[in-house]
Structures are given as C-alpha cells and as structure tokens.
Amino acid sequence: MNYALETRGLCKRFGAIEVTKNVGLKIGQGARHALIGPNGAGKTTFINLCTGVLAPNEGAILVGGTDLTRATPQRRVNHGLVRTFQLNTLFNQLTVAENLAIPVAQRLGRSWKPWGRTGGDDAVRAEVALLLEQLGLGALAAKKIVELAYGQRRLVEIGIALALQPRVLLLDEPAAGIPNGESGMILDLLERLPPELAIVFIEHDMNLVFRFAKRITVLVEGAVLTEGSVDEIRNDPRVRDVYLGRRHD
Amino acid sequence: MKHEFNKLLPTNALPHYRLGPMDVLPWIVALAAFFTFDTYLSLGAQILVMVIFGLSLDLVLGFAGITTLGHAAFFGVGAYAAGYYNLHVSQEPLTGLLVAGGAAGIIGVLSGLLVLRTHGLALLMLTMVITVLLHEVANAWGSVTGGADGLSGIGVDPLFGSFEFDLYGTTAYLYALGVLFLVFLVVRTVVNSPFGLSLRGIRENAKRMGLVGASVHLRLVAVYTLSAVLAGIAGGLGAQITRTVSLDRLTFQLSGDILIMLIIGGVGRMYGAFIGIPLYMLMLDRAAAINPFHWMFAVGLMLIVLVRFAPGGLMSLAERAPFNFLRSAPGATASDAKEGA
Amino acid sequence: MSSTFASLVTVLFDGISFGMILFLISVGLSITMGVMRVVNLAHCGFAMIGGYLTVAFTTMAGLPYGVAIVLAVIGTMLIGAVLERTVYSWVYGQSELGQVLMTMGLVLVMIASANALFGSSIQNVPVPSELRGTVQLGVVGLPVYRLFLILVAVACGVAIWLGLEKTAAGARLRAAVDNARIAGCVGINVKSLFAVTFAIGCGFAGLGGALGADMFPLEPYYALHYLVLVLIVVSVGGLGSIKGTLCAAILLGLVDTLGRYYLPVGGGIVIYLATLVVLLLRPQGLFGRPA
C-alpha cells in the first residue's frame, strides 16, 4: 500500500551528534498529522531531510511509493512534496500576486518563457485569482510583501505552497509568531484545505494541534517517543513528562 | 469570468513595464542630440555603446541580483572578436556584431556554469579573476590580439552596403542607436516575461525559488549568457566605431566603471543606464580636460554619499514625490530593501 | 652551477619577502572581512596611506626611520578608526553591492587625495644605512633590508597569533568571527570590537605599505594595482584565518617572483588559474570556515 509520505529508518548525524534517530513515519492520503516535541527534538531537521535540503545518513523517503531519498529538492517538489518555513521566506519586494504567480507559473511550466507577460497568461491569472480568494487576500493583491502585516505574510507563506498543488504538505510551525488568540485565520485556512491533501505540521500551539490534527507523533531528541490519535497522546503520561517535567511528590 | 478575475487581480498586481510617455523620451533626446550636436557624434556613439554595455549589466545585476565585477570580460572578448573578424575575415559590420556576441556568449555560458554556483565574496572574486585572467591571455596572445598594442586599422564596410562610416560619426551614431534600440527591446521583453519574473524571484529569495521547483542555477546561467552576448555586442560595436581595440577594454577597472555609471542612474529600473551613463561620460569628457583626479575625487565622494542616502540611484529619487510621474513600473531591487523595510 | 643555485636562492628569497609584505598588507583584511563581513575594496588604500605617511615623516619632517614608521602606523590606524565609525558603519547592514560601491568610492577618494598631496610620480622611502647592504651566506648574498622585512613580518604574525589565541580580547574576537550576533548577546561589545579590530588591521596594512615601498612602489594608483593580489590572498587563504593568509601570501609571492624571472608571460596566468581552481573547489578558501 502506498502512503502519501513514508519514511523508513531515517537517520542523520552531524559529526558525532545524532540529530535524527531511526525515524519512521507513515502518512496516508488526507492525513492531518502533527509532529510535536520539545525544542531541539529534530522536527525541522526531519522536514529538511524530507525536502532534500539535508541528506540522510541512513534510511529512505518515499512519496506516493516513489523512492526520493536521493532526489534533488526540485524533483521532490515536482512529485508533490512541498513545505513552508517557520520564518517567512517570501519574495519581499514583489507583490502578493507575483509571489503566488511564481509557483503557479513554475508548476504550469510557463516560467521559462522569455517573452509575453505573466499577467497576460490566462491560466496563471485564473489560478492566482483563485488562490487570493482562498487565502482571503484579494484586496492585497497589488501590495508588496514588505507592506503586509505579519499574519498576512504567514498566509502568503502557505499560499505559495498551495500554488504548487502538493500531494503532501509539510508545514513548519504555520502559526509561528502569531499570538495564541489570533491563530484563527491560519486555522480557518487549514480547515479549508483539500481533504485528500496529506498534511504534516510542526506546531507548538497546542490549540491548533488538538483542533486540527487527527494523529500525532511525538519526537524527543531525534527519535520517535510515541505516536497515536489525539486522545491517546493527550492522555499519555510520557508525553506530559517530556513537556512538563515529572512531578516530585 | 474574466471580468471577475480582473476585479480580483488589478493590473498593478502583476506589474510590468507598460509603454508610457516616458518611454519615448530617451529616444527623442537621442535623436535631438543627433541633430543639434553634430560635432560630438563620435562621442555620442561611444556613449551609446556604453549604454548598451550598462543595460546588459543591469539585466544580471538589477533583475537577477548577480553582483559581478567581471562584465568587462564579455565586453573585451566581444571587442577583440569583432576586431579579429574584421581584420581577417570580413569587414561587414552586422555579422561582426554577431561574431562578437557569439564569442562573448561562449565565454559567458562557460564561466557562468562554473561560477554561478557560488555567491557573495567568492562569486565576486571569481568574476574578477576571470577578467584579469582573460586580460593576461589577451596580453600574451599577440598574434590574435596584438598584445599590448591592441588591434588597429579596423575599417568597417558601409552599413547595409550603402551607409558609409564617415569621420564625423553620423552613420556610427545612428548605427549605435539602432543597435541600442534592439538590445533594449530584448532586455525589456525578457524582464516583462514569466522568465523575468522568475529571475526577480531568485533575486529576492533564491532559497524559496529552489523550493518551488525551479532550477536556480540554470536560470542564472541563462540570463548570464544572454547578458554576456549583449555585452559582447556592445564591445564589438565599440571596436567598429572607434576602429581600434586595446587591452583597457578587458580590465576589472572597466567592470568597476560601468558598475558605477549604472548605479548613478539606478539598478533594476530599465532606464538607469540611459540616465547614469550619458551623465557620467559627458561629465568625464569635460573633467578630463581639466584634471582627471579631481573628477575621480568627485565620483568617489558621490558614490559614498549615494550609498548612504540614495541606494537606488537617481531613478529612485525620481520615484519619490514630486517626481512620481516619472516612474515607469516594477523597480525596487534588493539593495533598496533598507529604504523600504 | 653554483651561480644558478645562487640565483635560485635569491629568487626564492625575493619571493618570500614579497610574500611577507603581502601577508602584512592582507592579514588585516582577512580578519576584518572575517569578523565584520564587509567586502572592503579600499583595504590596499590603507597600505598606501602608511607608505605615504612614512614618506611624509622621513623626507618632509626629517624624522628618523624607526620613528617615522611608528608614527605612520599610528596615523593609519587613526584614519582607519575614523573611517570605520563613519562610512563603514553605514554599510554594515547593506547588501554586498552597497559595500562594493562604498569601498570603491573610498578607493577613488584615496587615489585622488594621494595625487593631490604627493603628486603622481613614485615616492621612495629612504632606508637607513644600517639596513642597507647584503649579508653573505655561503655563495649567496642576501639583502639586509629584505631579511629585516621577513623578521618583522614573522614577528607580527607571531604577535597576532598570540594575541588571538592567548588573550581574552583575542578570544572575544574569535567568538565574534564565529557568530557576531550571539557574541553580542553574551555581552561582547561588538561595536567597539569592530572598531579596534579594523584599526589594527589598517595598522598592519600601513606597516606593510611603509616597509614594502621598494617592492610595492608608492604612487597614487597603488590602492588599485595590488587590490586583486590582496583579494586573492585573502579569499584563497580563507577569511579570518591567519594561517591561511600566511600560506596564500607566501605561495603567491613565490609564484609571482618565480614567474617574473623564469616565465614572464605565464606568471600571472598561473596565479589566476590556481585561484580559480581553489575557489571553485573550496569557495571558503584553503583554511576558511565553510559558509
């Protein structure tokens, strides 16, 4: 059976330091899978390994059954494996529409054309307009990123990933930097994402995790501590220990 | 349906250079100069050559964000190629330009494939070293380049078979203007295109560009090669107009000079080269007669002041009120980020 | 047979002394670029300033050689400190292009000023009689002045190494090279560290310019003539690495001098090709830290 994303025995070492220890994950279509753990547990490293920014020392990464362990980051994107960043990684001096047009044009294979206008391409325009509507950013289409508020930039961050029509979406702390009370607009967007899209997200905001996730994997010091449904994890004493420390009665 | 998209996507959401009244201005000025300053046409033609050179640099620097001190390599290679072709193969000018562009393009694609994997200081160094290396080769390869003496006696056939190149530079000026116009069309088309948008994406955030599935390196090599071809054409044009080629077309000082000239006008703004380069060269022409070192001092001081107060060059000043009517479209390069942020 | 040997030794010796001056001039740049991460195309200008100040103090003010050199170095350091607090601090946050342009502008100002103050012909630094003449080592006669140069440069190299490795200030500097932001967070006054480091770097450059005036002739375009060489030494050696700068400088000195004697046409080409190869295979230089 082919999973949307599967890792087997993923290991990564930096010199003598093991940052990822034998991590195996099976993410099916339509998954809403949270990856949680204390700081330094290796969550972002895991995403970097999946996207090809880092090369694993051992293990395999499969997307839709295809082995992409040695593939370039570009090839993985072409297979539908897309990520967002914890710190906004946007095209700052370009407009919101341009930020979305770039991945759309790339996906449609129009981004090598050295003539014509991006705006003149109906297919690109249509998709960008649709994305803007989905993100609720229609009014800001012509504004440069540097003119946007932080939360709006976060939406563009996710928007760029959506523009690539991924099969697997890796979200690195989508609500990062947004005060707990205001993570609503991110949550709204996440809830409206296509149901067949497999989503793995790292988060510290537990409200988001418990509302949105269906399964949770807990990563501690580079290794999987446990995995299970939201209720199982919520009630697991080991997870409480890891986050809150042990009680000394 | 399309009407709805137009509502959600106003035209300035995906900005591009549209034809406006300001676009006609440079050409009007150039033609006016032709009729009024008929004794200065040879200087004028050389200015036009440098504007083409500056445009080619703006393509990689302003739009793709490649900081290079090695563009003189392409200019020089083009000049020598056109000179050699003229002296040994044929004196026809237009094919000479093609040869110049082709030779520079080959150097461009080879060096681009090698050096564009690096960035920052390493890239700057590599571009500088390639330029001085080619300079040494040109110095040593006397049989082809004339060594330290360079090439001279380049006599160009009449353009299209009928327009002779006279001593006053009439044909030369219009020839250069025509080539400039074509080069400008090419640059403007590329900048407005989806490819141009992807280049600006690389300039803004190469990491993200890579992770939307684009091959950053290949795109950079492509635009670098195109820019090399255009710079080579400028060099070849210069060789044909001045009828000589010398080693000073292949120095990193020339790379620095064209960079300075472009910066004065403004990088990444399409018309920066049209403003900065003629201004600089005209003032240089005046100042060289008096004292070149005073000019050098003034330029140095101006650069320092410019970097502090107007990193976007004269054209960025033009974009602030009350000059907004001069603005033509997508501007703002990464180096302006400090201003806007 | 022995005369070719003698001339080979002389050439090697010349190459090493050339390399040592190059080391003195370049070491400051390696450290400041490693610490402050500013592309500084004006660095050779400080060597030039040191040379010209020495000329001014000896020829015009009539001061003895040693005193003149010390004053020239101090003068260069002062000028460096002032420039760092003003124009350089403007470009710390800016893109590379901004730094390239600002320092290019500074070089032009330096060249024009040198011409205005000292004229465009080559200026000589008069060498005191004690340092003239040659020392006989078997069949080879080595110029005393060159020996002196090598000794001074080695002493400086040792002093820098001791300063970096053995003192608390040196440790702070090394921390700042590693990570300026974190260094600031642990209480290291990064601003004054930059200022002092920059001034010291300019001082060494000035010393190199003053001592090396016979191998590196002083004229207004000095600041540009040797820029490529110095940048090659620094980038091939590796930013922030004293060891790297020394190795690269000596290598370059040897290749350049050997080339000039035995292969006049090819010398420059060899250096540039070698630099290309090194930077393509190891963009951080031989001893630099990977990005």
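The model is predicted: local features need pLDDT of at least 70, side-chain atom pairs count only at pLDDT 80 or more, and totals for chains, interfaces and linings use all residues. Residues are numbered from 1 along each chain as its sequence is written, while chains are lettered from A and ligands numbered from 1 in the order in which they are written.

**Where the chains touch**
- In chain A, 42 residues are in contact with 35 residues of chain B (C-beta atoms, placed from the backbone, within 7 Å).
- Helix 2 (73–78), helix 3 (96–107) and helix 4 (122–135) of chain A each supply at least two residues of that side of chain A. Helices (H or I, at least four residues) and strands (E, at least two) are DSSP runs, numbered from the N terminus.
- Helix 3 of chain A gives the most, with 7 residues.

**A hairpin in chain A**
- Strand 1 (residues 5–14) and strand 2 (residues 17–27) of chain A pair in the antiparallel sense over 7 bridges; pairing takes at least two DSSP bridges between two strands.
- The hairpin has 2 residues between the strands, and Gly15(A) takes a positive phi near 65°.
- Phe14(A) belongs to strand 1 of chain A and stands opposite Ile17(A) in strand 2 of chain A.
- Phe14(A) counts as exposed because it has 11 C-beta neighbours inside 10 Å. The cut-offs for C-beta atoms, placed from the backbone, within 10 Å are 20 or more others for buried, 12 or fewer for exposed, and in between for partly exposed.

**A helix in chain B**
- Helix 13 (residues 272–290) of chain B has 19 residues.
- Its buried residues include Phe274(B), Ile275(B) and Tyr280(B).

Notes. Contact = placed C-beta atoms within 7 Å. Expected span 1.5 Å × (residues − 1).
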